Amino acid sequence: PCLTGLCFPVAEKTGKVLGEFCRCYKEQYGVALFNSVRYEIEGNGGPQAQLLHRKLPLEDHVIYSGNLFQYIEENKKWRNRFCVVPHNYGLVLYENKLAYERDLPPRVLVNSAGYKILTSVDQYLELVNSSLPGVTPKSGHTPILKCPTDFPLILWHPYARHYYFCVMTGKEQEKWRAVFQDCVRHCNNGISEDSKVEAPAFTDAVRMYRQSKEQYGTWDMLCGNETQVLSNLVMEELLPELRSTIGPRLKGKAQERQRTWIQISDAVYRMVYEQTKAQYDAAMAKCEQERPQMESTIRTDMDQIITSKEHLASKIRAFVLPKAEICVRNHVQPYISSILEALMTPTSQGFAEVREVFFKEVTDMNMNVVNEGGLEKLAEYMKKLSHLAFHPVKMQSCYEKMDQLKLEGLQQRFDVSSTSVFKQRAQIHMRQQMDDAVYTFETLLHQELGKLQGKDDLCKSIQRILERVLKKYDYDSSTVRKKFFREALLQITIPFLLKKLAPTCKGELAKFQELIFEDFASFILVENTYEEVVLQSVMKDIMQAVKEAAVQRKHNLYRDSMVMHNSDPNLHLLGEGIPIDWGEEYSGQPESEPAADKRRRAKQVVSVIQDDEGVLPYEVGAEALLQPGSPEPPREPDPGAPPSSPDGVEEIRKALAKESLGDGAEAEERLTNADVPSGTSAQHAAPASPQPRADVPSEAEVPHATPAPPAPAPRTETPAPSARTACHQPSDKETGEEVASLGSACSPPQPTGVTESGEGVQTEF
């Protein structure tokens, strides 16, 4: 949509917000750099983790792949798509499975940060109706979206474009939902914690900026990488004004106005993103340029800076602390135990479920290895176990425990907009602890294998190592949860206290600026020191509450005084070694087998399983969606025509019903022949029944629910670090939708337009 004719100054308003933010970022950068150098010199490490940490858990692996239908807004048709979720959790959509196997460029790349996964059209319509007040379709009118099946999967975003998918069964919907939620969870956590200066400087700058606008408390849209978060920050201010300016001018029926509004919001978001990226990158580059000189000053004058900061803190403490302590005593202290209990119950249940899933998987593996025998079987099971933490379906029972988190009246009292921030953080901790446990287990088992003789020794050794790892997990789990509880309590209470104290304290802070030496003004800020004093006023109560919970052994928490002696002194040295390749060492494959074929079998973490319920594979149903004899979808309708309601829904339903009523034996034969035995290329697959694949879990391991075809054998060659690899990397943008030219694996970005097939997918913006 053309915004120029609507006279809305997007660039001007975006520049104003970014100018204020970049000023905050520059201030916070100096403070973060000082804190980083001070921590490096003084050190203040917590308890040493007992479990090992894997550095590159998913290198060269695919999380999931399979077929689903996507609604193409430009031509209002549902199309079959082959979706691949690579190790970086982007959603990569190909024309079909063959396009993926032939290394053709994908149709769409989606970064799902900030999205919500909806499994009901009614849920979606409710959000759409609320996005443009006063525009609600009358009952009985065609809704903005119709789904050809009863199992939709909709990716909704408050600012960016929406994505519409559907599948054939409820069980398949559950699996894809778990996969999509894992993508959102991972992409939301887009600010690297490895950055000890840029990351804290950025998050503190966002918080300070929002507080300057009287916005305290948690923020749901602090998700994605830095540019995505900043774009959300701009849109938070821009959208209400945009809605009030443009909303009344939209013409047509309610559904048409809703569609137009979604397109306008997406177009503005893309414009904001481009401007934000350029301006933020420039600000960051300037800070990096000044960093060597700043760091030299910090190291030279560290003692003087610390003394100056402590002097400032003592003056602010004398002024603020009496007021803060009264506020804590009256408004915070009585509720700390309630908040902690509300956090502890679902979180601890989730970590207990992680322990249970890990125990069950290892125990089942042990039994199967004993019954089936041999190191080759052990290697087969260990390859699957090694990526247990990244199996969205198996981990779902752990993640679901956090859905019970309810702060009830506390949420309104402390101005917590949503508990999703805490749920997601706990789930990320669960996944990390599961992977640490699995990696420690496989490292210890690998060390033992050379000493074992026979099945009995192997069985006993697995059981013994499992018990050792579980003890380590219990200790690390307690440490991680206590830290999470403390951080969550601070996130809830500190903004509340700052808001309460602002009327009496904030206006008086300017007088303390004169206490800071000019040479140290880049490293000491009055506002930050004030917040530290407020934090100290409540920190004692929070620490005491968590300590008491540990002393009472609530939820299997360990006391702080409990120190686990290192029973494996060389374990962390083992973790620094070369990653274990179970298939390479113990699979028993003939040496003549190409290495690329070995990689194929272990490439995918979650495999698609054939469903014996007689549902046809997507390739069959998709044929009915295209015009007979036409390999490409029809061209997009005249872009000047007003948007109309989705068509083709009834045609799809009839086609799917017709195909489903076909000969069952023929359908089963097509299903069976669709699979390719592991280690065999698709082009040379024999028509005989396939052999079991090593990377396909048993029915007990993955819900035997999906009607999609068997998992694709991943590409036989490791992609070189070339242009092709870049094309397959999901965009880091909020919507991240990119499409490479059909003629080249990676062409330069083109202007927004329509693809040859008329689907109007936007290129890199």
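The expected span of a helix is taken here as 1.5 Å times one less than its number of residues, and helices (H or I, at least four residues) and strands (E, at least two) are DSSP runs numbered from the N terminus. Helix α1, residues 10-42, has 33 residues and reaches 47 Å from its first C-alpha to its last, close to the 48 Å expected at 1.5 Å a residue. Gly-43, with a positive phi near 70°, follows α1.

The structure is a predicted model, in which local features need pLDDT of at least 70 and side-chain atom pairs count only at pLDDT 80 or more, while totals for chains, interfaces and linings use all residues. Residues are numbered from 1 along each chain as its sequence is written, and side-chain values use heavy atoms, with hydrogens and water left out.

**Overall make-up**

The secondary structure of the protein chain comes to 21 helices and seven strands. Of its 765 residues, 52% count as buried, where buried means under 20% relative accessible area, exposed means over 50%, and partly exposed lies in between (1.4 Å probe, protein chains only). Taking contact to mean heavy atoms within 4.5 Å, 81% of the contacts between residues at least 6 apart in sequence join residues at least 24 apart.

**The nonpolar cores**

A nonpolar core is a set of buried Ala, Val, Leu, Ile, Met, Phe, Trp, Tyr and Cys residues joined through side-chain atoms within 4.5 Å. The largest one has 162 residues, and those with the most contacts inside it are Phe-21, Phe-358 and Phe-441. Helix α8, residues 302-372, gives the most to this core, with 25 residues. A second, separate core has 16 residues, including Leu-145, Ile-154, Trp-156 and Cys-166.

Which residues does Phe-441 contact, leaving aside its neighbours within four places in sequence? Its partners are Phe-358, Val-362, Met-365, Met-382, Leu-385, Ile-462, Ile-465, Leu-466 and Val-469.

**The pairing of α8 and α14**

Two packed helices are described by the angle between their axes and the distance between the axes. The axes of α8 and helix α14, residues 526-551, come within 6 Å and cross at roughly 35°; these axes are lines fitted to C-alpha atoms, for helices over the stretch in contact, and angles run from 0 to 180 degrees between N-to-C directions. The crossing of α8 and α14 is right-handed, a crossing being left-handed if the near helix is turned anticlockwise from the far one by less than a right angle, and right-handed if clockwise. By class, the contact of α8 with α14 has 20 nonpolar, four polar and four charged residues, with Ala, Val, Leu, Ile, Met, Phe, Trp, Tyr, Cys and Pro counted as nonpolar, Asp, Glu, Lys and Arg as charged, and the others, Gly among them, as polar.

**Buried positions in helices**

Helix α4, residues 170-188, should span 27 Å with its 19 residues at 1.5 Å a residue, and its end C-alpha atoms, 26 Å apart, agree with this. The helix is mostly covered, since 14 of its 19 residues are buried. Ala-178 lies in α4 and touches Pro-392, Val-393 and Gln-396, not counting residues up to four places away in sequence.

Leu-125 is found in helix α3, residues 121-131, and, with the same exclusion of residues up to four places away in sequence, touches Pro-143, Ile-144 and Leu-145. Leu-145 is also among the residues of the second core.

Gln-433 is found in helix α12, residues 420-448, and counts as buried at 5% relative accessibility. Not counting residues up to four places away in sequence, Gln-433 touches Leu-51, Phe-351, Tyr-473, Asp-476, Ser-477 and Val-480.

| Pair | Separation in sequence | C-alpha distance |
|---|---|---|
| Ala-178 and Ile-117 | 61 residues | 9.4 Å |
| Leu-125 and Pro-143 | 18 residues | 7.8 Å |
| Glu-214 and Ala-502 | 288 residues | 9.6 Å |

**Positive phi in two loops**

Asp-103 has a positive phi of about 65° although it is not a glycine, and its place is in the loop between α2 (97-101) and β4 (108-110). Asp-103 is partly exposed, with a relative accessible area of 27%. Glu-214, likewise not a glycine, has a positive phi of about 65° and is found in the loop between α5 (198-212) and α6 (226-246). Is Glu-214 buried or exposed? Glu-214 is exposed, with a relative accessible area of 55%.
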